[in-house]
Amino acid sequence: MTKRAADTLPNLQGPAAWNTILPRQQPAQVLSEQISADVTIIGAGFAGLSAARRLLQSDRNLKVVVLDACRVAEGSAGRNSGFMIDLPHELTSEDYAGNGDDKSLIALNREAIGFARGAVEDYGIDRNYFDPAGKINGAASIKADHHNRSYADHLTSLGEKYELLDRQQMADLTGSRHYVGGLYTPGTVMLQPAGYIRGLAAGLRRVGVQVFEQSPVLSFTREGESWKVETRSGSVSTAKVILTVNGHLESFGFERDRLMQLFLFAVMTPELDSEALKKLGGQSRWGITPSDPMGTTLRRIDTGQGGNRIVTRTCAVLKPDMRLTPASVERAARVMQRKFDRRFPQLAGLKMEYKWAGHLCLSLNGVAVMRELEQDVFSGCVQNGLGTARGTLTGMGAADLALGQTSSITRHFGAEARPKKLPPQPFREIGANVVLRWKEWRAAEE
């Protein structure tokens, strides 16, 4: 008998603000009985819900169950920055340029965006939650501007469109004079991530998928020709299991000491009143990723996405045990307050309404884990900080694998190596966090 028991459950500090600013959800549907399924998906984020949709696209008669430890959109899916990016976006590089076949990956990212767009259309998801507005790499220094121009050269070699923005154009867009320039690319979709995920879950429920929340999976055990998936108050007898739990793949005993468990942090302003909006100026919706990957990400949203607010995201900490303390959130919030004040002196001192942490998972060699882990157990995990597009892709691919189908997604991720082995503890945690702090310091203006 094979049994996989979870040794760690999600531990996310602070509210999932993207979800909190939306209208209240209906009461959670908790698994409280013994049921059966053809496929059980563990994890109701971008990967898990995309896997469920992909399964039904192949076979509408499949009985699909999705289980999550949190409320839908309260986990990492409601805690990211909401950029669904089509172009190379390698977080471990100096300027996001990839090292492999970028054209192939761009095509896959655009397949993920098309898949998400189809879900918006099919399930009637609010179009404000899926805005194909593009994004900007913001440069706050001459060095960062050189990064942008280097990346622009890379995009030219790929035949991709972009526009370089000067200081005044950046000020007109954002209301901030912090940036010396920017690089606009048109293919990114700006999500209200919680709104999109909630709409995706609601649409799947309407077509027969059972989505259970606040139902953490404690274990899954092989029993003859099926698996028994157990939660605190119920269980599922299922032919196949798909794990879409990103870094928590390690919690079930897979890829031990090969996954880097990171937490990133964010803050969100209160609703900006008319006086604050007048002081701020700029346009009502935009998104900026930093030219240096260790810099600061900014989003401005409007009433269609949850109110006139600004989101600031930066700071990272490695926590191999995936257990974060409130002190880490407080430290990051202080840093982000200073960064907000520097960018928007006209609003300096505005106290943030929300502060939170989000969990992401990277591998040293930048690979995902999308394969059959053992008989009838499949993985769509390890998103390398690109959870919206990469999560959608690995969820789709895991569904294809579960059905024995081959696709461009399974061919791409199936050709990847395993994640590289990490250095032993305590060097892993101490060394990585020293490097992260140094990179934060080096990218301070960004």
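In which helix is Ala112 found? I looked this up to start the notebook, and Ala112 is found in helix H3 (residues 102-123).

**Ground rules**

I am working from a predicted model, where local features need pLDDT of at least 70, side-chain atom pairs count only at pLDDT 80 or more, and totals for chains, interfaces and linings use all residues. Residues are numbered from 1 along each chain as its sequence is written, and side-chain values use heavy atoms, with hydrogens and water left out.

**Ala112**

Ala112 is buried, with a relative accessible area of 0%. My terms here: buried means under 20% relative accessible area, exposed over 50%, and partly exposed in between, with a 1.4 Å probe and protein chains only. I also noted Asp86, which is 26 residues from Ala112 in sequence and 8.7 Å away in space, C-alpha to C-alpha.

**Strands around E13**

I then followed strand E13 (residues 235-243). I count two strands as paired if DSSP finds at least two bridges between them. Strand E2 (residues 34-42) pairs with E13 in the parallel sense over 8 bridges, and Thr40 stands opposite Val241 in E13. Strand E12 (residues 226-231) runs antiparallel to E13, joined by 4 bridges. A hairpin through 3 residues takes the chain from E12 to E13, and Val229 stands opposite Val236 in E13. I also found strand E20 (residues 377-379), parallel to E13 and joined to it by 3 bridges. Here Leu243 has Ser379 in E20 as its bridge partner.

**A sheet of 3 strands**

In what order do the 3 strands of the open sheet come? I read the order as E4-E9-E5, with antiparallel pairing. The edge strands are E4 (83-84) and E5 (130-131), each pairing on one side only. I traced the contact of E4 with strand E9 (residues 189-191): 2 bridges join them, and Met84 stands opposite Val189 in E9.

**Aromatic rings**

I searched the whole structure for aromatic pairs and got 5. The rings of Phe46 and Tyr196 have centres 5.7 Å apart and planes at 15°, so this pair is stacked. The pair links distant parts of the chain, with Phe46 in helix H2 (residues 46-58) and Tyr196 in helix H6 (residues 193-206), 150 residues apart. Both Phe46 and Tyr196 are buried. My rule: rings of Phe, Tyr and Trp (its six-membered ring) pair if their centres lie within 6.5 Å, and planes under 30 degrees apart count as stacked, over 60 as edge-to-face and the rest as tilted. Ring pairs also link Phe46, Phe130 and Tyr196 into a cluster.

I looked at Phe220 and Trp227 too. They form an edge-to-face pair, 5.5 Å centre to centre with 65° between the planes. Phe220 is buried at 0% relative accessible area, and Trp227 is buried at 1%.

**Charges over rings**

Which ring does the charged end of Arg4 sit over? I found it over the ring of Phe254, 4.0 Å from the ring centre. The charged end of Arg53 sits over the ring of Phe115, 5.2 Å from its centre. I count a charge as over a ring if NZ of Lys or CZ of Arg is within 6 Å of the ring centre and within 35 degrees of the ring normal.

**Positive phi**

Most residues other than glycine have a negative phi. Gln214 lies in the loop between strand E10 (210-212) and strand E11 (217-223), and at 42% relative accessibility Gln214 counts as partly exposed. For Met322, phi is near 60°. Met322 is in the loop between strand E17 (309-318) and helix H8 (326-343), and Met322 is buried, with a relative accessible area of 4%.
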